[in-house]
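Subject: Structure for your review

Dear colleague,

Please find the structure below, together with the sequence. My notes on what was found in it follow.

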Amino acid sequence: MAGRQTNRLRGHGLVDQGTTVSFRFDGQQLTGHPGDTLASALLANGIRLVGRSFKYHRPRGILTAGSEEPNALVELRQGARREPNTRATTIELYDGLEAASQNRWPSLKADLLSLNQLAAPLLGAGFYYKTFMWPAAFWEKLYEPMIRRAAGLGYPSKQADPDSYEKTNAFCDVLVIGAGPAGLSAALAAAKAGARVILCDEDFALGGRLLSERGDVDGESGAPGRRPRRPNSSPPDCRILRRTTVFGAYDGGVYAAVERVSDHLPVPPEHAPRQRLWRIVAKQAIVCAGAFERPIVFGDNDRPGVMLAGAVRTYVNRFGVAPGQNAVIFADNDAALRTATDLADAGLTVQAIVDPRPQGSAAAEQVAAGTGALYLRGVIEKVRGAHGVRVVGVRDNQGGTRTIKCDLLAISGGWNPALNLTTHLGGKPRWDDSRACLVPGDLPAGMRVAGAAVGEVSTEACLASGEAAGAGAARDCGFSPSAPSRPAPDRQIAPATPVWQVETGRGKAFVDSQNDVAVSDVKLAAREGFRVPDHVKRYTTLGMATDQGKTSNLNGAAILAEATGRYLGAVGSTTFRPPYTPVSIGALAGHHRGTDFRPTRLTPSHRWAEEQGAVFVEVGMWMRALMFPRPEESAQETVNREVANTRAHVGVCDVSTLGKIDVQGTDAAAFLDKVYINGFSKLAVGKARYGLMLREDGFAMDDGTTARLAEDHFYMTTTTANAVRVSQHLEFCQEVLWPELDVQTVSATEQWAQYAVAGPNARAVIAALLDSGQDISNDAFPYMACGTFKICGGVPARLFRLSFSGELAYEIGVPARYGDGLIRAIMDAGAAHGIAPYGTEALGVMRIEKGHAAGPELNGQTTAHDLGLGRMMSKKKDFVGRFLGEREALNEPARAALVGLKPLDPKVRVSAGAHLVPKGADAVAANDQGYVTSQAYSPELKSFVALAMLSNGPARHGEVLKVCDPLRGSETLAEVCSPHFVDPDGERLRV
Amino acid sequence: MRYSIASLVANALTGNRNWKPVWREPEPKPAYDVVIVGGGGHGLATAHYLAKEHGITNVAVIDKSYLGSGNVGRNTTIVRSNYLLPENEPFYEWSMKLWEGLEQDLNYNTMVSQRGVLNVFHSDGQRDAFVRRGNAMLLHGADAQLLDREQVRTLVPFIDFDNARFPVRGGLLQPRGGTVRHDAVIWGYARSADTLGVDIIQNCAATGFRIENGRILGVETERGFIGAKTVALSVAGSSGRVAQMAGLRLPVESHALQAFVTEGIKPLLDTVITFGAGHFYCSQSDKGGLVFGGDIEGYNSYAQRGNLPAVEDVAEGGMALMPAIGRLRILRSWAGLLDMSMDGSPIMDHTPVEGLYFNGGWCYGGFKATPAAGWCFAHLIATGQPHPHATAYRFDRFGTGRVIDEKGVGAQPNLH
Amino acid sequence: MRITCPYCGERALDEFTYRGDATVKRPDSLDENTAEAWVDYVYLRDNPAGPHKELWHHGAGCHAWLEVTRDTVTHEILDVAFARKGC
Amino acid sequence: MSSLKSMSALHGIVSPGRYGKQDGEPGVVASERRDIGLATIAARKGHEADLTAAVKAAYGAVLPSGPGSAVGPGVRFIGIGPGQWFAVSETLANEALADDLAERLKGLASVADHSSGRAIIRLEGPEVRAVLAKGLALDLDPRVFGDGAAATSTIGHMGALLWRDGEAYDIALFRSVGGSFWGWLRSAAAAFGLEVVTTS
């Protein structure tokens with residue numbers, strides 16, 4: 001049975017009362033109207049109890065009407081879309097909405113953990129630091145799980161978020177943050193001057209406080225139901241983003257905003273994201289974020305039905321909802337008197353206006369008289385009503401007390417500018433004595449603040465300050481705004497006489513109601529020496545809840561000031577940091593999740609390999625064929641077959657992922673001499689050479705072969721993993737170290753599809769591809785030769801006689817558009833010669849059999865010496881890493897250097913990652929002499945083999961060591977040997 | 001006042017009106033035996049162990065702001081000893097052991113929570129590197145376990161196993177790793193050091209050093225000169241600018257690292273988890289928020305804040321690993337300043353100025369090192385000799401080439 | 001943070017990678033008496049709080065190495081020039 | 001005639017048709033420019049002026065000094081860095097462009113062929129800027145990024161060279177990321193409707 005909206009004020013407000021939507025709260029079926037928030041709809045249905053607090057599980061209702069809400073947090077939606085801790089005050093009502101209260105068991109009305117309140121004296125600030133220590137082992141086993149279960153608020157979903165997110169970039173002259181009177185007026189002024197403007201507001205309706213207040217603007221009546229005027233006749237270049245919170249200010253005029261594109265709908269429409277992250281680059285920004293009303297702190301001030309006075313007006317005027325039928329107003333400022341007038345005009349009863357100001361207020365007295373309310377000079381000292389206000393107790397100036405029955409207590413302790421964004425870049429707020437609040441201090445370059453965010457109070461002043469800021473920002477962007485249409489507002493305001501808290505004997509007086517931080521906690525912290533706001537925050541958790549203290553920080557500072565006998569302006573404040581309001585992680589990740597986390601690079605033979613049933617593996621951004629299994633084969637069998645076939649006949653492997661860098665220029669050879677430890681200037685045209693690069697600190701960076709295509713033209717290859725890094729390094733060498741050299745480099749990785757064709761039959765296969773009249777006999781095209789050929793009817797190809805496998809081998813490259821065609825042609829040409837493709841796994845086995853260093857050995861911790869390449873280091877020339885590479889510690893024999901390992905039992909795998917200790921020694925650190933880098937089963941040797949880095953390794957061939965892998969519980973004996981297991985003299989590759 | 005259940009109850013009965021300040025606020029004396037510059041975790045731990053282990057109590061700890069205003073209050077609270085290199089592992093394992101006994105040592109609940117630190121891996125190469133590290137840990141007497149994919153799934157069922165760009169293939173788990181309540185570490189050490197006689201002086205920035213004939217005579221501060229024959233710097237993040245006052249150039253750059261916390265939620269993640277295909281690490285605090293971080297900003301900075309690219313990078317890593325967190329909201333971000341050293345490992349040593357000691361260059365590892373750094377720095381100050389667990393953390397290693405480069409990226413601080 | 005590349009114009013921070021202090025000078029590796037200078041060049045840094053001349057690579061843009069003068073406290077960019085002079 | 005089949009970068013990845021929102025005019029129209037010549041030119045040290053003159057003489061275009069285009073008969077030169085240009089030609093197809101440039105600019109510039117190394121995607125339509133904004137952090141406002149303007153940047157973590165040709169935007173991407181780019185484009189343009197057409 002749907003609720004009846006007993007508290008709806010018919011004919012009031014901006015919601016569409018002609019249309020009804022239904023929703024559920026804690027399973028109860030209720031109704032509301034388009035334009036409602038969940039909070040306004042709950043209030044319309046007479047529901048005041050919405051949640052339970054963090055520590056004491058006290059009943060809590062709705063305090064505010066905005067994103068600063070500390071209490072009314074719910075779990076919105078269900079299943080994979082469940083969103084814990086969502087503020088009822090910002091949830092736009094939609095048909096079918098489902099929400100549930102949180103942090104209660106078994107039910108919201110009867111919550112067992114509310115018993116915590118009984119132990120409150122024990123649970124004061126920081127109590128956990130002083131206890132739960134005995135016995136020591138109980139923390140993880142008992143206390144911590146108990147605390148964890150009790151802590152947290154809502155339940156997260158454990159399923160993947162089903163919605164999508166996106167990011168977008170925007171550029172503007174002037175970014176206006178907040179579309180209240182100041183923001184609208186600023187956007188209008190800037191846009192009229194010709195600036196490109198972006199106007200953002202977190203609300204789904206524009207207008208800010210204009211939506212909540214009655215009054216005249218520019219002679220137009222402010223009757224409820226009036227819609228705010230948009231910037232005049234939609235100016236040419238003003239993009240308006242509703243439901244968009246600018247949550248962070250970053251260096252260089254970068255602002256981050258999140259647009260809740262579909263949160264007001266049950267699920268995002270087709271093709272629409274749930275939320276969109278805006279990266280806005282603005283030359284100028286104007287913060288018109290308004291202000292937060294401040295509660296006054298008194299005993300039991302957290303009861304449902306205690307509400308900020310401005311929020312009361314919002315519910316009445318904007319939403320057409322009566323937050324209560326019988327109200328009491330408790331405020332230290334005249335601005336809050338509008339609440340009494342608005343309530344009375346809506347036909348509701350105002351029982352009393354309680355004025356704590358010592359001097360009282362004639363205006364208040366007058367409003368009281370006009371609304372039929374009592375005017376009482378005094379304070380609220382107690383609030384009764386287990387699940388909502390029923391009675392308040394007033395203590396008057398003379399010490400007399402009385403109780404008043406009411407169901408709504410509207411409170412106001414003044415307003416705090418929402419200056420959060422002004423401090424994200426390190427600006428410190430300034431204390432303003434006359435306004436009794438923090439106002440923006442030093443602003444980052446290109447930022448202005450206007451309206452209530454800078455402490456303005458009246459609508460007129462907000463409009464004027466917005467216009468001035470908008471015009472000023474446009475001027476700073478080089479536009480010529482017209483003279484302001486509004487006179488500068490009178491800045492003479494009556495000094496505020498703030499009342500921060502009411503001293504009460506009984507009843508907890510909450511400063512931060514979500515985190516249950518009471519006045520007593522702040523005082524206890526001060527007593528224990530936590531006297532700066534940051535310490536108080538960290539010790540008591542004041543301001544650390546989901547609202548980040550928007551309604552509590554300053555009250556906390558005031559109480560701290562009083563407790564420590566200091567001037568409030570000297571106490572300081574904690575720092576606001578991004579985000580302004582909480583931002584979903586999904587929005588910040590955008591498109592980049594799942595398989596779209598990072599781009600995927602596919603090789604030219606990818607489609608062909610898929611057709612062959614290849615298994616792929618991620619290698620950096622690339623997908624490479626790991627192996628080409630045949631039916632019924634185990635992985636080991638596949639690899640063994642691929643290796644054996646290559647060594648016996650011929651195999652083909654896509655090596656296009658290797659980094660390829662085109663190096664040209666008259667000084668190209670001299671340049672290579674500087675980046676490699678060995679020389680290249682004497683390399684003949686038509687030849688290739690292996691080279692090793694060091695970092696300047698002398699450790700190995702990368703290796704590869706470089707071919708000389710012409711006197712002034714080289715073609716370098718790098719490892720797949722280091723391709724980008726090497727390119728960057730070469731550019732550094734060119735531009736920073738040796739700008740005098742005539743050398744140009746450019747990546748050619750993507751241009752060339754490159755295949756290794758390896759095995760005794762490789763020459764026959766390559767020859768079959770060559771157009772006629774080209775000779776690749778051993779004499780014409782020996783080991784390490786390179787050249788340009790025509791293949792398959794005129795396709796230009798680069799051919800290199802290089803071998804990573806140790807077999808007679810070629811690498812053949814064609815423009816990548818022929819890559820797919822070439823792999824098919826190679827397979828066709830090789831069919832008669834027993835060709836089979838091999839993947840990176842077999843490639844790895846063959847390079848281990850040959851003792852070639854690869855990623856596991858080139859791990860950034862090894863030197864040329866360690867890799868057995870120390871002799872390649874030229875003594876005669878300058879090169880990167882030469883000087884520091886000669887340091888003794890990088891060359892001493894005791895360093896771990898590359899060796900081979902053969903297990904004594906050939907059938908036992910030698911674990912990669914295992915450590916080496918002397919045979920018979922214990923597996924402890926003192927005996928650690930090295931580690932296994934790579935391992936494989938060698939079909940040729942019919943034995944497992946491994947490469948390892950071993951202290952003084954090259955001198956220890958023949959020694960038997962213990963290979964310890966305690967992590968996997970294995971120990972093996974293995975013999976140290978040369979890393980060149982197969983064809984150590986390299987005869988095969990020269991045939 | 002010793003903390004116990006009895007004291008808690010007794011104070012509750014008297015309205016909690018009799019608790020005493022956790023530390024005194026003394027005026028600085030004209031001179032001390034030792035002045036420690038930097039009231040962070042390391043500085044206060046050093047003071048605690050100087051007093052407790054070496055009987056040196058005429059000590060002042062000075063800080064330019066409030067205690068714990070630097071990195072000790074800005075990190076992601078992770079403690080672990082899962083290091084690869086023999087120069088590092090014994091040190092961090094000693095730190096782990098000190099964490100394990102810290103609450104009893106300090107009589108302060110620092111909430112050491114040994115919930116396990118899980119590093120997931122995504123390739124065979126990465127697995128082999130993790131195995132090498134795990135074995136190094138075991139050889140040094142630490143704990144480590146290699147998990148396969150299914151064991152990872154049991155531990156963290158909601159990470160992306162089905163649709164990942166870089167599928168999770170397993171993980172290296174250190175069960176004894178975990179988290180510690182960072183602020184409690186500060187307050188616990190401060191309280192203990194104070195009780196042992198150490199003067200803790202907040203809002204007292206060092207403005208210079210008085211050095212004569214290559215010997216330190218004391219520290220100039222905002223509150224006047226404080227004499228000391230031994231001055232110990234423990235100001236990671238600001239090491240560059242403090243060392244400059246003593247005329248020293250360091251193998252250190254200052255970099256900002258952002259961290260993040262979500263709104264509090266009921267228990268989701270029971271371990272510390274790190275992503276292997278991007279830089280993202282995460283745990284859930286006892287209060288319920290997911291606490292996480294990623295890469296440093298990448299450029300020298302003395303601003304305690306970061307920029308948007310790092311935020312997005314962390315969020316992308318988080319979503320790639322745990323797509324269930326998409327609807328959880330980041331509540332707050334902040335940044336600390338890291339001493340990024342040239343080889344990624346710390347420095348704890350004499351300086352060329354006699355009597356001036358340096359402790360810094362902690363990179364990402366400062367918080368987890370807190371107890372051992374205090375222990376070993378106190379040893380160095382008290383005995384003049386490096387502690388056996390910290391013998392490698394010397395300045396001269398950059399000259400000799402005995403660098404300690406866990407990641408193998410060379411003299412490029414922002415890559416460590 | 002946004003950096004105005006002298007070639008590409010103003011770009012987002014994530015297009016650039018940072019290398020560090022631009023004021024250090026590479027010694028002559030063939031001069032054996034440069035040990036201290038080499039340690040200085042590769043390892044020691046002024047690391048100032050304030051203006052800092054540093055190298056950035058515009059890797060996602062024109063691939064130029066840049067000398068950026070930037071305040072390490074405020075992150076304000078004071079100057080950007082090509083590292084290769086005469087560009 | 002070669003027996004090897006030539007395949008464009010997006011061959012088999014993208015098929016012509018309508019994607020995303022199905023009704024109404026498509027917000028974006030995408031096509032792949034195939035078989036065009038692509039090459040980089042880098043000035044040899046000390047020959048910058050000679051190079052400019054040689055290009056002017058041979059191709060009728062004055063090399064731009066910044067990130068913009070100069071168009072000669074059949075060939076466009078786009079500035080991609082100091083002393084570096086990216087040449088695009090439909091008349092000198094595939095490898096022919098680099099061959100031609102290498103011959104005519106011998107000794108003045110280092111030339112490298114990229115005709116196979118890049119996918120060239122042309123995007124047009126009323127929402128093209130809104131779609132690109134989802135991945136590209138560049139101000140494409142026509143007042144800022146006019147006809148012929150060019151920029152090297154990234155789109156969704158993928159390196160991209162973008163230039164404006166009339167109302168169309170051409171994007172050069174690494175060939176290997178063609179599939180990832182297509183995935184990104186499809187998702188970014190879905191809300192507006194994406195029409196993929198073939199060219200030539």
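A residue is called buried here when its relative accessible area is under 20%, exposed when it is over 50%, and partly exposed in between. Please bear in mind that this is a predicted model.

Backbone

By that cut-off B:Thr77 is buried, because its relative accessibility is 14%. B:Thr77 belongs to the loop between strand 2 (59-62) and strand 3 (78-79) of chain B. Although B:Thr77 is not a glycine, it has a positive phi of about 65°. B:Asn203 is likewise not a glycine and has a positive phi, of about 50°. The loop that holds B:Asn203 runs between strand 8 (199-201) and strand 9 (206-212) of chain B, and with a relative accessible area of 44% B:Asn203 is partly exposed.

Two cis peptide bonds also deserve mention. One leads from A:Trp105 to A:Pro106, with omega near 0°; A:Pro106 sits in the loop between strand 7 (97-101) and helix 2 (138-150) of chain A. Another joins A:Pro578 and A:Pro579, with omega about 0°, and A:Pro579 is in the loop between helix 12 (568-571) and strand 28 (583-584) of chain A.

Annotated domain and sheet

An unreviewed UniProt entry annotates residues 606-877 of chain A as "domain: GCVT N-terminal". That span is 27% helix and 29% strand, and its end C-alpha atoms are 43 Å apart.

In chain A, five strands make an open antiparallel sheet in the order 34-35-36-33-37. Its edges are strand 34 (688-694) and strand 37 (744-747) of chain A, each of which pairs on one side only. From one strand to the next, the twist averages 25°. Strand 34 of chain A is joined by seven bridges to the antiparallel strand 35 (residues 700-710) of chain A, and A:Met693 has A:Asp702 in strand 35 of chain A as its bridge partner. Helix 16 (residues 668-675) of chain A lies across strands 33, 34, 35, 36 and 37 of chain A, at about 25° to strand 36 of chain A.

Helix packing

Helix 3 (residues 181-192) and helix 8 (residues 459-476) of chain A pack with their axes 7 Å apart, at an angle of about 35°. The crossing of helix 3 of chain A past helix 8 of chain A is right-handed. Among the residues that meet there are A:Ala182, A:Ser185 and A:Ala186 from helix 3 of chain A, and A:Cys462, A:Gly466 and A:Gly470 from helix 8 of chain A.

Salt bridges

There are 110 salt bridges over all chains. In one of them, the closest N and O atoms of A:Asp878 and C:Arg26 are 3.1 Å apart. This pair joins two chains, because A:Asp878 lies in a loop of chain A and C:Arg26 in a loop of chain C. A:Asp878 is buried, at 13% relative accessibility.

B:Lys52 and B:Asp105 form another, with their closest N and O atoms 2.4 Å apart. As B:Lys52 is in helix 2 of chain B and B:Asp105 in helix 4 of chain B, the pair ties together parts that are 53 residues apart in sequence. B:Lys52 is partly exposed at 39% relative accessibility, and B:Asp105 is partly exposed at 24%.

Within chain C, C:Arg11 forms a salt bridge with C:Glu15. C:Arg11 is buried at 2% relative accessibility, and C:Glu15 is buried at 3%.

Technical notes:
Residues are numbered from 1 along each chain as its sequence is written. Chains are lettered from A and ligands numbered from 1 in the order in which they are written. This is a predicted model: local features need pLDDT of at least 70, side-chain atom pairs count only at pLDDT 80 or more; totals for chains, interfaces and linings use all residues. Side-chain values use heavy atoms; hydrogens and water are left out. UniProt positions are given in the numbering used here, feature names are shortened, and annotations may be inferred rather than shown by experiment. Helices (H or I, at least four residues) and strands (E, at least two) are DSSP runs, numbered from the N terminus. Two strands pair if DSSP finds at least two bridges between them. Axes are lines fitted to C-alpha atoms, for helices over the stretch in contact, and angles run from 0 to 180 degrees between N-to-C directions. Contact means heavy atoms within 4.5 Å. A salt bridge is a side-chain nitrogen of Lys or Arg within 4 Å of a carboxyl oxygen of Asp or Glu. Buried means under 20% relative accessible area, exposed over 50%, partly exposed in between (1.4 Å probe, protein chains only). A crossing is left-handed if the near helix is turned anticlockwise from the far one by less than a right angle, and right-handed if clockwise.
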